[in-house]
Amino acid sequence: MSESDVDLVPMWLPHLPGVLELGNRVFDVSEMPYTSWSLSSAAVHLDAQPDACWVAEAGGRVAGFVLGSLSYDERADWGYVEWLAVDPEHQGRGLAKTLLEESCAALFAAGATRVITDVEQTNTASAHLMRRCGFNDSVTVTLFVRHAPADSGASRQARVRAHSTDPAKARLHAAARKSERD
Ligand SMILES: CC(C)(COP(=O)(O)OP(=O)(O)OC[C@H]1O[C@@H](n2cnc3c(N)ncnc32)[C@H](O)[C@@H]1OP(=O)(O)O)[C@@H](O)C(=O)NCCC(=O)NCCS
């Protein structure tokens, strides 16, 4: 399939299953253990800032998406691009760049004085993409982690909580268990 068969369209409700499925496939929550991908992550963005949420469609399927929002923590005038993904089948053809440009344009038009995003240290694809799209490295935050001792109450409670039925939480718990084993 050529990229001329890919359409960039505003994201809307019928896209949600495809967006959720693609995110589940490509986002590695074990790399960013403080964040979680779920249907509500997508829905919140769509609700708050639909013009900053775009989908690339190929053959009726979601080939990529970007979810942006206006405001970041206490900064009401900062745009934030939190989620961006392209199906591996369609990667390396400029789709992420186009999606990102579209979302940034919407955020600037909505009054953002800047747009920020965070990139995990080993995600070279995303870092390259951001630099290509005019983002500069700014603050670097290192997540220092001190684990609770194996016999502590917190550790026992974590094991109990690990039986969550919420799929997003279950994935986070699985990532936490994996990092404990590694
Ligand atoms: C990061 C990601 C969105 C890039 O999607 P993509 O459609 O392949 O990116 P593009 O084709 O638009 O490429 C944009 C730029 O990044 C570069 N790039 C893309 N993948 C790269 C890789 N694996 N290594 C180095 N550079 C890469 C491209 O060469 C291009 O730069 P150029 O114009 O100088 O050639 C995609 O790899 C992905 O979905 N990854 C998993 C999810 C993720 O990490 N999302 C971002 C954090 S939420």
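Me: Let's begin at the ligand. Which helix gives the largest share of the shell around the ligand?

Reply: That is H4, which contributes six residues to the shell. One thing to keep in mind as we go is that this is a predicted model.

Me: How many residues surround the ligand altogether, and which are the closest?

Reply: There are 20 residues around the ligand, and the closest are Gln91, Ala96, Lys97, Ala125 and His128. The elements that give two or more residues to this shell are strand E4 (75–86), helix H3 (95–109) and helix H4 (124–132).

Me: What classes of residue make up that shell?

Reply: Ten of the shell residues are nonpolar, seven are polar and three are charged.

Me: Okay, zooming out. How many helices and strands are there in the chain?

Reply: The chain has six helices and five strands. Going along the sequence, they follow the pattern β-α-α-β-β-β-α-β-α-α-α.

Me: And how much of the chain counts as buried?

Reply: Of its 182 residues, 25% count as buried. As for contacts, take those with a separation of 6 or more: 62% of them are between residues 24 or more positions apart.

Me: What about the largest nonpolar core, which residues have the most contacts inside it?

Reply: Those are Phe65, Val66, Leu84, Leu99 and Leu100, in a core of 33 residues. At least two core residues come from each of H1, H2, E2, E3, E4, H3 and H4. H3 gives the most, with seven residues.

Me: Take Leu84 then. What is Leu84 in contact with, leaving aside neighbours within four places in sequence?

Reply: Leu84 is in contact with Val66, Ala96, Leu99 and Leu100.

Me: Let's do the strands. How do E2 and E3 run?

Reply: E2 and E3 are antiparallel and joined by six bridges. In that pairing, Val55 stands opposite Phe65 in E3. The hairpin they form has two residues between the strands, and Gly59 there takes a positive phi near 55°.

Me: And what's on the other hairpin, the one of E3 and E4?

Reply: E3 and E4 also pair in the antiparallel sense, over eight bridges. Gly64 stands opposite Val86 in E4. Two residues lie between these strands, and Asp73 in the turn has a positive phi of about 50°.

Me: How many residues of E3 are buried?

Reply: Nine of its twelve residues are buried, so E3 is mostly covered.

Me: Now the helices. Which residues of H1 are buried?

Reply: Val19, Leu22 and Gly23 are the buried residues of H1. They line one face of the helix, because they fall within an arc of 100° when seen down the axis of H1. What covers them includes H2, E2, E3 and E4. The face turned away from the buried side of H1 carries the exposed residues Pro17 and Arg25.

Me: Which residues are buried in H2, and why are they on the same side?

Reply: The buried ones in H2 (residues 39–48) are Ala42, His45 and Leu46. They are on the same side of H2 because they cover an arc of only 95° around the axis. In an α-helix there are 3.6 residues a turn, so residues three or four places apart point the same way.

Me: So what do the buried residues of H2 pack against?

Reply: They pack against helix H1 (16–26), strand E2 (53–58) and strand E3 (61–72). Turned away from that buried side of H2 is a face with the exposed residues Ser40 and Asp47.

Key:
Residues are numbered from 1 along each chain as its sequence is written. This is a predicted model: local features need pLDDT of at least 70, side-chain atom pairs count only at pLDDT 80 or more; totals for chains, interfaces and linings use all residues. A residue is near a molecule or strand if its C-beta atom, placed from the backbone, lies within 6 Å of it. Helices (H or I, at least four residues) and strands (E, at least two) are DSSP runs, numbered from the N terminus. Ala, Val, Leu, Ile, Met, Phe, Trp, Tyr, Cys and Pro count as nonpolar, Asp, Glu, Lys and Arg as charged, and the others, Gly among them, as polar. A residue is buried if 20 or more other C-beta atoms lie within 10 Å of its own, exposed if 12 or fewer, and partly exposed in between; C-beta atoms are placed from the backbone. The arc is that of the directions from the helix axis to the C-beta atoms. Two residues are in contact if their C-beta atoms, placed from the backbone, lie within 7 Å. A nonpolar core is a set of buried Ala, Val, Leu, Ile, Met, Phe, Trp, Tyr and Cys residues joined through C-beta atoms within 7 Å. Two strands pair if DSSP finds at least two bridges between them.
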